[in-house]
Amino acid sequence: MEITPKIETGWLHALQEEFRQPYFARLKEFLLAEKRQYVVYPPGNLIFNAFNSTPFEKAKVVIIGQDPYHEPGQAEGLCFSVPDGCPFPPSLINILKELQTDLGCPFPQSGHLGKWTAQGVLLLNATLTVRAHQAGSHQRQGWETFTDAAIRALSLQKSGLVFLLWGNYAQAKSTLIDTSKHHILKAVHPSPLSAHRGFFGCRHFSRTNQILVSEGLAPIDWDLSTPLNG
């Protein structure tokens with residue numbers, strides 16, 4: 001049985017074979033069972049938000065997270081991002097601190113990273129759903145197979161992408177990326193447990209822009225305190 005979610009046309013074309021695979025049917029059954037018993041984040045209409053916010057053809061930077069935030073009102077289908085008005089989780093605070101140090105960007109009022117996705121930054125969690133209050137509860141159910149396929153598709157079909165791999169989990173995805181045609185920047189995870197061991201000072205935001213310019217692409221306006229083109 002083929003199960004095709006509502007997903008941006010370019011991604012649909014790149015990933016259409018995945019929706020026909022038995023693992024994806026099993027994943028859907030798992031999610032239906034979970035939703036009968038538990039609260040699941042993010043809401044159904046935001047599960048594929050990373051793909052719908054950053055069309056395949058426009059992607060030029062990829063940030064890989066592990067799984068969604070698992071407390072009420074946090075998850076919106078974009079790794080590290082939270083909706084307007086939501087308190088900033090610790091890892092996001094550290095990302096914004098590094099952005100402040102690297103590029104001098106003021107600390108923003110909102111932790112929503114839509115300004116980045118609108119410019120081609122794919123904010124992709126390896127696992128796209130989670131049970132409320134239980135981090136990692138939807139890992140190893142098929143999502144990683146799907147998101148690995150997305151990373152492979154980017155690697156195969158595009159060139160000159162910048163992959164920001166923060167922490168060991170994200171860095172393990174480097175095996176999916178053709179480094180002869182893409183760029184990888186690695187650092188420890190921005191979590192408070194590790195950020196002081198090399199995330200702070202990594203300057204990934206300015207380094208990403210240097211790479212993009214060298215590829216003939218427009219740099220990212222990372223400053224979240226102002227609107228895009230404002």
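## Where α4 meets α8

Let's start with a meeting of two helices: Ile95, Glu98, Leu99, Asp102 and Leu103 in α4 touch His204, Phe205 and Ser206 in α8. Sort the residues of this contact by class and you get four nonpolar, two polar and two charged. Keep in mind that everything here comes from a predicted model.

How do you describe a pair like this? Two packed helices are described by the angle between their axes and the distance between those axes. Helix α4 covers residues 90-103 and helix α8 covers residues 204-214; their angle is about 60 degrees, and their axes are 8 Å apart. That angle is why α4 counts as oblique to α8.

Now look at the loop between β6 (183-187) and α8, which is where you'll find Cys202. Is Cys202 buried or exposed? Its relative accessibility is 9%, and buried means under 20%, so Cys202 counts as buried.

Who does Cys202 touch, if we skip residues up to four places away in sequence? The answer is Glu98, Ala187 and Arg207.

Helix α2 (residues 22-37) and helix α6 (residues 143-157) pack with their axes 9 Å apart, at an angle of about 130 degrees. With that angle, α2 is oblique to α6.

On the α2 side, the residues in contact are Tyr23, Phe24, Leu27 and Leu31, and on the α6 side they are Trp143, Thr145 and Phe146. By class, six residues of this contact are nonpolar, one is polar and none is charged.

## The largest pocket

Finally, have a look at the largest pocket, with a volume of about 540 Å³. Its lining takes in 29 residues, and those nearest its centre are Gln66, Asp67, Tyr69, Ser91 and His189. What classes do the lining residues fall into? There are 13 nonpolar, 13 polar and three charged ones.

The largest share is three residues, and that comes from α7.

How values were computed. Residues are numbered from 1 along each chain as its sequence is written. This is a predicted model: local features need pLDDT of at least 70, side-chain atom pairs count only at pLDDT 80 or more; totals for chains, interfaces and linings use all residues. Side-chain values use heavy atoms; hydrogens and water are left out. Axes are lines fitted to C-alpha atoms, for helices over the stretch in contact, and angles run from 0 to 180 degrees between N-to-C directions. Helices (H or I, at least four residues) and strands (E, at least two) are DSSP runs, numbered from the N terminus. Angles under 35 degrees count as roughly parallel, over 145 as roughly antiparallel, 65 to 115 as roughly perpendicular and the rest as oblique. Contact means heavy atoms within 4.5 Å. Ala, Val, Leu, Ile, Met, Phe, Trp, Tyr, Cys and Pro count as nonpolar, Asp, Glu, Lys and Arg as charged, and the others, Gly among them, as polar. On a 1 Å grid over the protein atoms alone, a cavity is a set of points where a 1.4 Å probe fits but cannot get out, and a pocket is an open set with protein on both sides within 12 Å along at least five of seven lines; lining residues have an atom within 4 Å of a point. Grid points are joined across faces, edges and corners, and a volume is the space filled by probe spheres set on the points. Buried means under 20% relative accessible area, exposed over 50%, partly exposed in between (1.4 Å probe, protein chains only).
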